[in-house]
Number of protein chains: 4
Amino acid sequence: MNPYIHKVDFYEPDQMGVVHHSNYIRWFETARIDALDQAGLTYAKMEEDGLFGVTLSVSCEYRRSVRFGQTVEVEPVLTDVDDRFMTIHYIVRDADSKKERATGDSKHCFVGLDGKMLSLKETDPALYDAICALIEK
Amino acid sequence: MNPYIHKVDFYEPDQMGVVHHSNYIRWFETARIDALDQAGLTYAKMEEDGLFGVTLSVSCEYRRSVRFGQTVEVEPVLTDVDDRFMTIHYIVRDADSKKERATGDSKHCFVGLDGKMLSLKETDPALYDAICALIEK
Amino acid sequence: MNPYIHKVDFYEPDQMGVVHHSNYIRWFETARIDALDQAGLTYAKMEEDGLFGVTLSVSCEYRRSVRFGQTVEVEPVLTDVDDRFMTIHYIVRDADSKKERATGDSKHCFVGLDGKMLSLKETDPALYDAICALIEK
Amino acid sequence: MNPYIHKVDFYEPDQMGVVHHSNYIRWFETARIDALDQAGLTYAKMEEDGLFGVTLSVSCEYRRSVRFGQTVEVEPVLTDVDDRFMTIHYIVRDADSKKERATGDSKHCFVGLDGKMLSLKETDPALYDAICALIEK
(Lines give C-alpha, C1' and ligand atoms only; values in the text may rest on other atoms or scores of the structure.)
Protein backbone atom coordinates (compact mmCIF):
# COMPACT_ATOMS: atom_id res chain seq x y z
CA MET A 1 0.00 0.00 0.00
CA ASN A 2 1.52 3.32 -1.08
CA PRO A 3 1.08 6.51 0.94
CA TYR A 4 -0.89 9.38 -0.57
CA ILE A 5 1.58 11.83 -2.09
CA HIS A 6 0.57 15.48 -2.05
CA LYS A 7 2.46 18.48 -3.38
CA VAL A 8 1.42 21.44 -1.24
CA ASP A 9 -0.95 23.72 -3.15
CA PHE A 10 -0.25 27.46 -3.17
CA TYR A 11 -3.60 28.16 -1.51
CA GLU A 12 -2.93 25.82 1.45
CA PRO A 13 -0.46 27.87 3.52
CA ASP A 14 -1.91 30.74 5.53
CA GLN A 15 -0.40 34.17 6.09
CA MET A 16 2.17 32.65 8.45
CA GLY A 17 3.57 30.81 5.43
CA VAL A 18 2.74 27.33 6.77
CA VAL A 19 -0.03 25.00 5.67
CA HIS A 20 -3.21 25.91 7.56
CA HIS A 21 -4.02 23.22 10.10
CA SER A 22 -7.49 22.54 8.66
CA ASN A 23 -5.96 21.20 5.44
CA TYR A 24 -4.41 18.20 7.20
CA ILE A 25 -7.95 17.00 7.97
CA ARG A 26 -8.67 17.08 4.23
CA TRP A 27 -5.43 15.26 3.44
CA PHE A 28 -6.46 12.51 5.87
CA GLU A 29 -9.69 12.05 3.94
CA THR A 30 -8.00 11.90 0.55
CA ALA A 31 -5.42 9.47 1.97
CA ARG A 32 -8.02 7.05 3.32
CA ILE A 33 -10.06 7.16 0.09
CA ASP A 34 -6.85 6.57 -1.86
CA ALA A 35 -5.96 3.61 0.36
CA LEU A 36 -9.43 2.07 -0.10
CA ASP A 37 -8.98 2.62 -3.82
CA GLN A 38 -5.63 0.82 -3.82
CA ALA A 39 -7.32 -2.06 -2.00
CA GLY A 40 -9.92 -2.20 -4.79
CA LEU A 41 -12.63 -0.70 -2.56
CA THR A 42 -13.54 2.38 -4.60
CA TYR A 43 -15.46 4.79 -2.43
CA ALA A 44 -17.37 6.29 -5.38
CA LYS A 45 -18.63 2.77 -6.10
CA MET A 46 -19.56 2.18 -2.46
CA GLU A 47 -21.72 5.30 -2.63
CA GLU A 48 -23.40 4.00 -5.79
CA ASP A 49 -24.21 0.87 -3.79
CA GLY A 50 -25.87 3.04 -1.14
CA LEU A 51 -23.12 2.78 1.45
CA PHE A 52 -21.84 6.05 2.87
CA GLY A 53 -18.98 6.69 5.25
CA VAL A 54 -19.61 9.11 8.10
CA THR A 55 -16.85 10.82 10.06
CA LEU A 56 -17.57 10.56 13.78
CA SER A 57 -14.42 12.19 15.08
CA VAL A 58 -11.10 13.46 13.91
CA SER A 59 -7.94 14.69 15.58
CA CYS A 60 -4.53 15.90 14.54
CA GLU A 61 -1.28 16.68 16.33
CA TYR A 62 0.95 19.09 14.46
CA ARG A 63 4.66 18.51 15.05
CA ARG A 64 6.47 20.53 12.42
CA SER A 65 5.04 22.90 9.84
CA VAL A 66 4.78 22.22 6.12
CA ARG A 67 5.35 24.88 3.49
CA PHE A 68 4.61 25.62 -0.14
CA GLY A 69 7.29 24.02 -2.30
CA GLN A 70 7.26 20.88 -0.17
CA THR A 71 5.61 17.53 -0.81
CA VAL A 72 4.08 15.37 1.90
CA GLU A 73 3.14 11.74 2.05
CA VAL A 74 0.21 10.69 4.18
CA GLU A 75 0.10 7.11 5.39
CA PRO A 76 -3.27 5.92 6.69
CA VAL A 77 -3.14 2.89 8.99
CA LEU A 78 -6.34 1.05 9.81
CA THR A 79 -6.03 0.52 13.56
CA ASP A 80 -9.40 -0.85 14.54
CA VAL A 81 -12.48 -2.20 12.82
CA ASP A 82 -15.60 -3.99 13.97
CA ASP A 83 -18.96 -4.44 12.29
CA ARG A 84 -19.92 -0.82 12.89
CA PHE A 85 -16.86 1.34 13.47
CA MET A 86 -13.54 1.89 11.77
CA THR A 87 -10.58 3.81 13.21
CA ILE A 88 -7.71 5.08 11.12
CA HIS A 89 -4.39 6.53 12.20
CA TYR A 90 -2.46 8.89 9.92
CA ILE A 91 1.19 9.78 9.67
CA VAL A 92 2.14 12.84 7.62
CA ARG A 93 5.77 12.89 6.55
CA ASP A 94 7.91 15.11 4.42
CA ALA A 95 8.20 13.15 1.19
CA ASP A 96 11.89 13.90 0.82
CA SER A 97 13.32 13.61 4.32
CA LYS A 98 10.64 11.17 5.55
CA LYS A 99 10.55 13.21 8.77
CA GLU A 100 7.24 13.23 10.60
CA ARG A 101 5.17 16.39 10.30
CA ALA A 102 1.88 15.42 11.95
CA THR A 103 -0.14 12.46 13.13
CA GLY A 104 -3.85 12.03 13.52
CA ASP A 105 -6.82 9.73 13.90
CA SER A 106 -10.34 9.51 12.58
CA LYS A 107 -13.29 7.31 13.47
CA HIS A 108 -16.03 6.40 11.05
CA CYS A 109 -19.24 4.45 10.70
CA PHE A 110 -21.30 3.57 7.67
CA VAL A 111 -24.86 4.64 6.92
CA GLY A 112 -27.36 3.70 4.24
CA LEU A 113 -29.36 5.96 1.96
CA ASP A 114 -31.74 6.64 4.85
CA GLY A 115 -28.88 8.03 6.93
CA LYS A 116 -29.16 5.24 9.51
CA MET A 117 -26.06 3.52 10.83
CA LEU A 118 -25.71 -0.03 9.59
CA SER A 119 -23.59 -3.07 10.29
CA LEU A 120 -21.01 -3.35 7.56
CA LYS A 121 -20.64 -7.05 8.38
CA GLU A 122 -24.31 -7.71 7.62
CA THR A 123 -24.82 -5.23 4.79
CA ASP A 124 -21.73 -6.01 2.77
CA PRO A 125 -19.81 -9.00 4.18
CA ALA A 126 -17.34 -9.00 1.30
CA LEU A 127 -16.43 -5.36 1.92
CA TYR A 128 -16.22 -6.03 5.64
CA ASP A 129 -13.83 -8.91 5.07
CA ALA A 130 -11.76 -6.83 2.66
CA ILE A 131 -11.45 -4.07 5.24
CA CYS A 132 -10.57 -6.57 7.99
CA ALA A 133 -7.89 -7.97 5.70
CA LEU A 134 -6.32 -4.50 5.55
CA ILE A 135 -5.87 -4.40 9.30
CA GLU A 136 -4.15 -7.73 9.38
CA LYS A 137 -1.40 -6.55 7.09
CA MET B 1 -31.17 45.57 0.22
CA ASN B 2 -28.12 45.39 2.48
CA PRO B 3 -24.73 44.20 1.22
CA TYR B 4 -23.29 40.99 2.60
CA ILE B 5 -20.86 41.88 5.39
CA HIS B 6 -17.90 39.55 5.85
CA LYS B 7 -15.09 39.76 8.38
CA VAL B 8 -12.05 38.16 6.76
CA ASP B 9 -11.38 34.72 8.24
CA PHE B 10 -7.86 33.85 9.33
CA TYR B 11 -7.69 30.97 6.86
CA GLU B 12 -8.57 33.17 3.85
CA PRO B 13 -5.30 35.04 3.26
CA ASP B 14 -2.52 33.09 1.59
CA GLN B 15 1.20 33.23 2.36
CA MET B 16 1.43 36.65 0.73
CA GLY B 17 -0.82 37.93 3.54
CA VAL B 18 -3.70 38.86 1.24
CA VAL B 19 -7.00 37.05 0.78
CA HIS B 20 -6.52 34.30 -1.80
CA HIS B 21 -8.31 35.21 -5.01
CA SER B 22 -10.46 32.06 -5.02
CA ASN B 23 -12.26 33.21 -1.88
CA TYR B 24 -13.89 36.16 -3.64
CA ILE B 25 -15.76 33.67 -5.82
CA ARG B 26 -17.16 32.13 -2.64
CA TRP B 27 -18.06 35.55 -1.23
CA PHE B 28 -20.03 36.29 -4.43
CA GLU B 29 -22.07 33.15 -3.87
CA THR B 30 -22.83 33.92 -0.24
CA ALA B 31 -23.72 37.51 -1.22
CA ARG B 32 -26.22 36.45 -3.89
CA ILE B 33 -27.83 33.86 -1.60
CA ASP B 34 -28.03 36.50 1.12
CA ALA B 35 -29.66 38.96 -1.29
CA LEU B 36 -32.24 36.36 -2.39
CA ASP B 37 -32.86 35.71 1.29
CA GLN B 38 -33.44 39.38 2.00
CA ALA B 39 -35.92 39.44 -0.89
CA GLY B 40 -37.78 36.54 0.73
CA LEU B 41 -36.50 34.04 -1.85
CA THR B 42 -34.74 31.56 0.42
CA TYR B 43 -32.43 29.39 -1.64
CA ALA B 44 -32.69 26.42 0.74
CA LYS B 45 -36.45 26.52 0.15
CA MET B 46 -36.05 26.77 -3.62
CA GLU B 47 -33.98 23.59 -3.46
CA GLU B 48 -36.70 21.86 -1.45
CA ASP B 49 -39.06 22.82 -4.28
CA GLY B 50 -36.74 21.10 -6.74
CA LEU B 51 -35.28 24.25 -8.23
CA PHE B 52 -31.49 24.42 -8.35
CA GLY B 53 -29.25 27.26 -9.44
CA VAL B 54 -26.32 26.42 -11.67
CA THR B 55 -23.29 28.65 -12.14
CA LEU B 56 -22.48 28.96 -15.85
CA SER B 57 -19.65 31.43 -15.59
CA VAL B 58 -17.89 33.62 -13.10
CA SER B 59 -15.28 36.34 -13.30
CA CYS B 60 -13.50 38.66 -10.91
CA GLU B 61 -11.20 41.66 -11.28
CA TYR B 62 -9.00 42.26 -8.27
CA ARG B 63 -8.19 45.94 -7.71
CA ARG B 64 -6.71 46.16 -4.23
CA SER B 65 -5.91 43.36 -1.82
CA VAL B 66 -7.86 42.53 1.34
CA ARG B 67 -6.19 41.39 4.55
CA PHE B 68 -6.99 39.60 7.78
CA GLY B 69 -8.30 42.12 10.30
CA GLN B 70 -10.41 43.82 7.62
CA THR B 71 -14.11 43.53 6.88
CA VAL B 72 -15.58 43.64 3.40
CA GLU B 73 -19.06 44.25 2.12
CA VAL B 74 -20.18 42.55 -1.06
CA GLU B 75 -23.01 44.13 -3.03
CA PRO B 76 -24.64 41.89 -5.63
CA VAL B 77 -26.53 43.72 -8.38
CA LEU B 78 -28.87 41.78 -10.64
CA THR B 79 -27.98 43.13 -14.06
CA ASP B 80 -29.91 40.89 -16.41
CA VAL B 81 -32.62 38.29 -16.19
CA ASP B 82 -34.77 36.47 -18.70
CA ASP B 83 -36.78 33.28 -18.39
CA ARG B 84 -33.66 31.14 -18.44
CA PHE B 85 -30.58 33.13 -17.44
CA MET B 86 -29.68 35.50 -14.64
CA THR B 87 -26.56 37.70 -14.53
CA ILE B 88 -25.27 39.28 -11.35
CA HIS B 89 -22.59 41.92 -10.89
CA TYR B 90 -20.67 42.19 -7.63
CA ILE B 91 -18.83 45.03 -5.96
CA VAL B 92 -16.51 44.21 -3.07
CA ARG B 93 -15.71 47.19 -0.85
CA ASP B 94 -13.78 47.72 2.33
CA ALA B 95 -16.54 48.01 4.92
CA ASP B 96 -14.87 50.92 6.68
CA SER B 97 -13.51 53.10 3.89
CA LYS B 98 -16.09 51.95 1.30
CA LYS B 99 -13.21 51.80 -1.18
CA GLU B 100 -13.60 49.27 -3.97
CA ARG B 101 -11.52 46.12 -3.67
CA ALA B 102 -12.84 43.96 -6.51
CA THR B 103 -15.70 43.59 -8.95
CA GLY B 104 -17.08 40.54 -10.66
CA ASP B 105 -19.91 38.89 -12.53
CA SER B 106 -21.63 35.54 -12.55
CA LYS B 107 -24.19 33.98 -14.87
CA HIS B 108 -26.65 31.32 -13.79
CA CYS B 109 -29.50 29.17 -14.99
CA PHE B 110 -31.94 26.97 -13.13
CA VAL B 111 -32.31 23.23 -13.41
CA GLY B 112 -34.82 20.75 -12.01
CA LEU B 113 -34.19 17.55 -10.09
CA ASP B 114 -33.35 15.82 -13.38
CA GLY B 115 -30.53 18.31 -13.98
CA LYS B 116 -32.22 19.75 -17.09
CA MET B 117 -32.36 23.48 -17.63
CA LEU B 118 -35.83 24.91 -17.19
CA SER B 119 -37.65 28.15 -17.83
CA LEU B 120 -38.03 29.93 -14.52
CA LYS B 121 -40.93 31.90 -15.98
CA GLU B 122 -42.89 28.72 -16.68
CA THR B 123 -41.80 26.65 -13.70
CA ASP B 124 -42.23 29.23 -11.00
CA PRO B 125 -43.83 32.45 -12.33
CA ALA B 126 -44.06 34.00 -8.86
CA LEU B 127 -40.32 33.51 -8.28
CA TYR B 128 -39.59 34.83 -11.77
CA ASP B 129 -41.64 37.96 -11.12
CA ALA B 130 -39.98 38.44 -7.74
CA ILE B 131 -36.53 38.21 -9.35
CA CYS B 132 -37.56 40.60 -12.15
CA ALA B 133 -38.76 43.04 -9.47
CA LEU B 134 -35.25 43.01 -8.02
CA ILE B 135 -33.75 44.23 -11.27
CA GLU B 136 -36.18 47.09 -11.57
CA LYS B 137 -35.05 48.58 -8.28
CA MET C 1 -19.04 36.70 25.80
CA ASN C 2 -21.23 35.92 22.80
CA PRO C 3 -20.80 32.74 20.74
CA TYR C 4 -19.69 33.05 17.14
CA ILE C 5 -22.78 32.90 14.93
CA HIS C 6 -22.31 31.34 11.50
CA LYS C 7 -24.89 30.86 8.76
CA VAL C 8 -23.82 27.78 6.81
CA ASP C 9 -22.32 28.76 3.45
CA PHE C 10 -23.53 26.96 0.34
CA TYR C 11 -20.03 25.66 -0.36
CA GLU C 12 -19.64 24.04 3.07
CA PRO C 13 -21.82 20.93 2.73
CA ASP C 14 -20.37 18.06 0.72
CA GLN C 15 -22.20 15.78 -1.70
CA MET C 16 -23.91 14.03 1.22
CA GLY C 17 -25.69 17.33 1.90
CA VAL C 18 -24.07 17.86 5.30
CA VAL C 19 -21.33 20.29 6.25
CA HIS C 20 -17.97 18.68 5.50
CA HIS C 21 -16.20 17.79 8.75
CA SER C 22 -13.10 19.86 7.92
CA ASN C 23 -15.12 23.08 8.11
CA TYR C 24 -15.77 22.70 11.84
CA ILE C 25 -12.01 23.06 12.39
CA ARG C 26 -12.21 26.41 10.58
CA TRP C 27 -15.24 27.47 12.60
CA PHE C 28 -13.29 26.75 15.80
CA GLU C 29 -10.57 29.12 14.65
CA THR C 30 -12.95 31.93 13.75
CA ALA C 31 -14.77 31.42 17.07
CA ARG C 32 -11.59 31.71 19.15
CA ILE C 33 -10.41 34.79 17.23
CA ASP C 34 -13.87 36.30 17.67
CA ALA C 35 -13.76 35.59 21.43
CA LEU C 36 -10.33 37.20 21.77
CA ASP C 37 -11.70 40.14 19.83
CA GLN C 38 -14.65 40.49 22.18
CA ALA C 39 -12.19 40.45 25.08
CA GLY C 40 -10.32 43.33 23.44
CA LEU C 41 -7.41 41.08 22.40
CA THR C 42 -7.47 41.61 18.65
CA TYR C 43 -5.47 38.87 16.97
CA ALA C 44 -4.52 41.05 13.98
CA LYS C 45 -2.96 43.48 16.47
CA MET C 46 -1.14 40.68 18.30
CA GLU C 47 0.43 39.72 14.99
CA GLU C 48 1.52 43.32 14.41
CA ASP C 49 3.20 43.10 17.81
CA GLY C 50 5.12 40.04 16.61
CA LEU C 51 3.12 37.49 18.57
CA PHE C 52 1.75 34.57 16.59
CA GLY C 53 -0.54 31.77 17.72
CA VAL C 54 0.37 28.25 16.63
CA THR C 55 -2.07 25.34 16.60
CA LEU C 56 -0.47 22.29 18.22
CA SER C 57 -3.43 19.96 18.08
CA VAL C 58 -7.10 19.94 17.24
CA SER C 59 -9.92 17.45 17.62
CA CYS C 60 -13.63 17.32 16.91
CA GLU C 61 -16.43 14.91 17.73
CA TYR C 62 -19.36 15.13 15.34
CA ARG C 63 -22.70 14.34 16.97
CA ARG C 64 -25.35 15.48 14.51
CA SER C 65 -24.93 16.86 11.03
CA VAL C 66 -25.45 20.48 10.01
CA ARG C 67 -27.00 21.48 6.69
CA PHE C 68 -27.23 24.44 4.35
CA GLY C 69 -30.09 26.69 5.47
CA GLN C 70 -29.09 26.26 9.13
CA THR C 71 -27.18 28.59 11.40
CA VAL C 72 -24.78 27.42 14.08
CA GLU C 73 -23.31 29.08 17.10
CA VAL C 74 -19.84 28.11 18.24
CA GLU C 75 -18.93 28.71 21.86
CA PRO C 76 -15.21 28.60 22.67
CA VAL C 77 -14.35 27.94 26.32
CA LEU C 78 -10.80 28.53 27.52
CA THR C 79 -10.16 25.44 29.64
CA ASP C 80 -6.50 25.69 30.46
CA VAL C 81 -3.74 28.26 30.21
CA ASP C 82 -0.22 28.51 31.52
CA ASP C 83 2.69 30.67 30.42
CA ARG C 84 3.24 28.64 27.28
CA PHE C 85 0.11 26.69 26.34
CA MET C 86 -3.56 27.46 25.93
CA THR C 87 -6.35 24.89 25.54
CA ILE C 88 -9.78 25.74 24.22
CA HIS C 89 -12.93 23.64 24.17
CA TYR C 90 -15.66 24.29 21.60
CA ILE C 91 -19.36 23.57 21.57
CA VAL C 92 -21.19 23.83 18.25
CA ARG C 93 -24.95 24.23 18.61
CA ASP C 94 -27.82 24.76 16.26
CA ALA C 95 -28.56 28.47 16.69
CA ASP C 96 -32.32 27.91 16.74
CA SER C 97 -32.82 24.76 18.80
CA LYS C 98 -29.59 25.18 20.82
CA LYS C 99 -29.05 21.45 20.35
CA GLU C 100 -25.45 20.31 20.34
CA ARG C 101 -23.99 19.41 16.96
CA ALA C 102 -20.30 18.90 17.74
CA THR C 103 -17.65 19.50 20.35
CA GLY C 104 -13.94 19.88 20.03
CA ASP C 105 -10.66 21.04 21.51
CA SER C 106 -7.56 22.81 20.34
CA LYS C 107 -4.19 23.45 21.94
CA HIS C 108 -1.98 26.40 21.09
CA CYS C 109 1.29 28.05 21.91
CA PHE C 110 2.71 31.41 20.91
CA VAL C 111 5.80 32.08 18.83
CA GLY C 112 7.70 35.23 17.96
CA LEU C 113 8.78 36.47 14.55
CA ASP C 114 11.65 33.98 14.61
CA GLY C 115 9.18 31.11 14.92
CA LYS C 116 10.46 30.15 18.38
CA MET C 117 8.03 29.34 21.17
CA LEU C 118 7.91 31.99 23.85
CA SER C 119 6.48 32.47 27.30
CA LEU C 120 3.40 34.63 27.00
CA LYS C 121 3.77 35.56 30.67
CA GLU C 122 7.22 37.04 30.08
CA THR C 123 6.69 38.47 26.60
CA ASP C 124 3.36 40.15 27.15
CA PRO C 125 2.28 40.01 30.82
CA ALA C 126 -0.78 42.19 30.19
CA LEU C 127 -2.02 39.84 27.48
CA TYR C 128 -1.26 36.84 29.67
CA ASP C 129 -3.28 38.32 32.53
CA ALA C 130 -6.13 39.20 30.18
CA ILE C 131 -6.23 35.61 28.90
CA CYS C 132 -6.06 34.22 32.44
CA ALA C 133 -8.98 36.48 33.35
CA LEU C 134 -11.01 34.79 30.62
CA ILE C 135 -10.59 31.39 32.21
CA GLU C 136 -11.75 32.59 35.56
CA LYS C 137 -15.11 33.66 34.20
CA MET D 1 4.39 20.14 -21.33
CA ASN D 2 2.00 17.81 -19.51
CA PRO D 3 -1.38 18.97 -18.22
CA TYR D 4 -1.99 19.03 -14.47
CA ILE D 5 -3.80 15.83 -13.52
CA HIS D 6 -6.21 16.07 -10.59
CA LYS D 7 -8.35 13.34 -9.06
CA VAL D 8 -11.42 15.05 -7.62
CA ASP D 9 -11.22 15.24 -3.84
CA PHE D 10 -14.22 14.15 -1.81
CA TYR D 11 -14.55 17.61 -0.28
CA GLU D 12 -14.73 19.38 -3.65
CA PRO D 13 -18.27 18.58 -4.80
CA ASP D 14 -21.07 20.53 -3.14
CA GLN D 15 -24.47 19.26 -2.06
CA MET D 16 -25.58 19.09 -5.70
CA GLY D 17 -22.95 16.36 -6.17
CA VAL D 18 -20.84 18.38 -8.60
CA VAL D 19 -17.52 20.09 -7.98
CA HIS D 20 -18.17 23.53 -6.54
CA HIS D 21 -17.33 26.20 -9.12
CA SER D 22 -14.81 27.96 -6.85
CA ASN D 23 -12.51 24.93 -6.96
CA TYR D 24 -11.79 25.36 -10.67
CA ILE D 25 -10.13 28.69 -9.82
CA ARG D 26 -7.81 26.78 -7.47
CA TRP D 27 -7.12 24.13 -10.10
CA PHE D 28 -6.08 26.89 -12.52
CA GLU D 29 -3.53 28.12 -10.01
CA THR D 30 -2.06 24.69 -9.35
CA ALA D 31 -1.96 24.04 -13.11
CA ARG D 32 -0.01 27.23 -13.88
CA ILE D 33 2.44 26.63 -11.02
CA ASP D 34 2.88 23.06 -12.25
CA ALA D 35 3.54 24.29 -15.80
CA LEU D 36 6.13 26.80 -14.59
CA ASP D 37 7.68 23.96 -12.61
CA GLN D 38 7.88 21.74 -15.68
CA ALA D 39 9.57 24.62 -17.50
CA GLY D 40 12.15 24.79 -14.71
CA LEU D 41 10.70 28.02 -13.31
CA THR D 42 9.89 26.90 -9.77
CA TYR D 43 7.50 29.37 -8.20
CA ALA D 44 8.73 28.68 -4.65
CA LYS D 45 12.20 29.68 -5.85
CA MET D 46 10.90 32.81 -7.54
CA GLU D 47 9.39 33.83 -4.21
CA GLU D 48 12.74 33.25 -2.48
CA ASP D 49 14.22 35.63 -5.07
CA GLY D 50 11.67 38.26 -4.05
CA LEU D 51 9.44 37.92 -7.09
CA PHE D 52 5.76 37.39 -6.42
CA GLY D 53 2.92 36.73 -8.86
CA VAL D 54 -0.31 38.66 -8.35
CA THR D 55 -3.63 37.62 -9.81
CA LEU D 56 -5.32 40.60 -11.45
CA SER D 57 -8.35 38.85 -12.86
CA VAL D 58 -9.77 35.41 -13.32
CA SER D 59 -12.73 33.96 -15.19
CA CYS D 60 -14.22 30.55 -15.81
CA GLU D 61 -16.94 29.17 -18.07
CA TYR D 62 -18.43 25.94 -16.82
CA ARG D 63 -19.60 23.64 -19.61
CA ARG D 64 -20.23 20.27 -18.00
CA SER D 65 -20.06 19.32 -14.36
CA VAL D 66 -17.34 17.21 -12.76
CA ARG D 67 -18.03 14.67 -10.03
CA PHE D 68 -16.26 12.75 -7.29
CA GLY D 69 -14.76 9.58 -8.77
CA GLN D 70 -13.63 11.47 -11.86
CA THR D 71 -10.18 12.79 -12.77
CA VAL D 72 -9.59 16.02 -14.67
CA GLU D 73 -6.64 17.36 -16.56
CA VAL D 74 -6.07 21.09 -16.65
CA GLU D 75 -4.03 22.50 -19.52
CA PRO D 76 -2.72 26.03 -19.04
CA VAL D 77 -1.81 27.89 -22.22
CA LEU D 78 0.20 31.09 -22.00
CA THR D 79 -1.65 33.35 -24.43
CA ASP D 80 -0.02 36.72 -23.89
CA VAL D 81 3.03 38.11 -22.14
CA ASP D 82 4.77 41.45 -22.09
CA ASP D 83 7.24 42.94 -19.63
CA ARG D 84 4.51 43.50 -17.04
CA PHE D 85 1.51 41.26 -17.68
CA MET D 86 0.94 37.59 -18.35
CA THR D 87 -2.33 36.04 -19.52
CA ILE D 88 -3.08 32.34 -19.28
CA HIS D 89 -5.93 30.34 -20.77
CA TYR D 90 -7.06 27.07 -19.19
CA ILE D 91 -8.84 24.06 -20.56
CA VAL D 92 -10.28 21.56 -18.10
CA ARG D 93 -10.96 18.14 -19.59
CA ASP D 94 -12.16 14.83 -18.28
CA ALA D 95 -8.94 12.82 -18.08
CA ASP D 96 -10.57 9.69 -19.51
CA SER D 97 -12.83 10.96 -22.28
CA LYS D 98 -10.78 14.12 -22.96
CA LYS D 99 -14.11 15.96 -23.21
CA GLU D 100 -14.02 19.62 -22.24
CA ARG D 101 -15.50 20.50 -18.87
CA ALA D 102 -14.58 24.17 -18.46
CA THR D 103 -12.35 26.89 -19.82
CA GLY D 104 -10.98 29.99 -18.18
CA ASP D 105 -8.45 32.78 -18.17
CA SER D 106 -6.32 34.58 -15.65
CA LYS D 107 -4.18 37.70 -15.84
CA HIS D 108 -1.16 38.31 -13.65
CA CYS D 109 1.58 40.77 -12.90
CA PHE D 110 4.69 40.49 -10.77
CA VAL D 111 5.52 42.49 -7.68
CA GLY D 112 8.62 42.76 -5.51
CA LEU D 113 8.93 42.42 -1.75
CA ASP D 114 7.59 45.98 -1.41
CA GLY D 115 4.38 44.99 -3.19
CA LYS D 116 5.08 47.30 -6.15
CA MET D 117 4.55 46.09 -9.67
CA LEU D 118 7.79 45.54 -11.55
CA SER D 119 8.94 44.90 -15.07
CA LEU D 120 9.82 41.23 -15.36
CA LYS D 121 12.00 42.04 -18.37
CA GLU D 122 14.16 44.39 -16.33
CA THR D 123 14.11 42.56 -13.01
CA ASP D 124 14.78 39.05 -14.24
CA PRO D 125 15.55 38.99 -17.98
CA ALA D 126 16.35 35.27 -17.95
CA LEU D 127 12.96 34.45 -16.42
CA TYR D 128 11.25 36.81 -18.86
CA ASP D 129 12.92 35.10 -21.81
CA ALA D 130 12.03 31.67 -20.42
CA ILE D 131 8.38 32.71 -20.11
CA CYS D 132 8.38 34.20 -23.61
CA ALA D 133 9.80 30.93 -24.91
CA LEU D 134 6.77 29.14 -23.47
CA ILE D 135 4.39 31.21 -25.56
CA GLU D 136 6.26 30.51 -28.75
CA LYS D 137 5.73 26.78 -28.42
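User: At what angle do H1(A) and helix H1 (residues 22-38) of chain C pack, and why is H1(A) called roughly antiparallel to H1(C)?

Analyst: In this predicted model, where local features need pLDDT of at least 70, side-chain atom pairs count only at pLDDT 80 or more, and totals for chains, interfaces and linings use all residues, the two helices pack at an angle of about 170°, with their axes 9 Å apart. Angles over 145 degrees count as roughly antiparallel, so H1(A) is roughly antiparallel to H1(C). The contact is made by A:His21, A:Ser22, A:Ile25 and A:Arg26 of H1(A) with C:Ser22, C:Ile25 and C:Arg26 of H1(C). Residues are numbered from 1 along each chain as its sequence is written, and chains are lettered from A and ligands numbered from 1 in the order in which they are written.

User: How many residues of chain A are in contact with chain C?

Analyst: Contact requires C-beta atoms, placed from the backbone, within 7 Å; 14 residues of chain A are in contact with 14 of chain C. Helix H1 (21-38) and strand E2 (52-62) of chain A each supply at least two residues of that side of chain A. E2(A) gives the most, with nine residues.

User: What makes E2(A) and strand E2 (residues 52-62) of chain C a pair?

Analyst: Pairing needs at least two DSSP bridges between the strands. Five bridges join E2(A) to E2(C), and the strands run antiparallel. Within E2(C), C:Cys60 is the bridge partner of A:Val58.

User: How do you know that the copies, chain A and chain B, meet through the same surface?

Analyst: Of the interface residues of chain A, 100% are also interface residues in chain B, so the copies meet through the same surface.

How values were computed. Contact = placed C-beta atoms within 7 Å. Helix = DSSP H or I, 4+ residues; strand = E, 2+ residues; numbered from the N terminus. Axes fitted to C-alpha atoms, helices over the stretch in contact; angles between N-to-C directions. Parallel < 35°, antiparallel > 145°, perpendicular 65-115°, else oblique.
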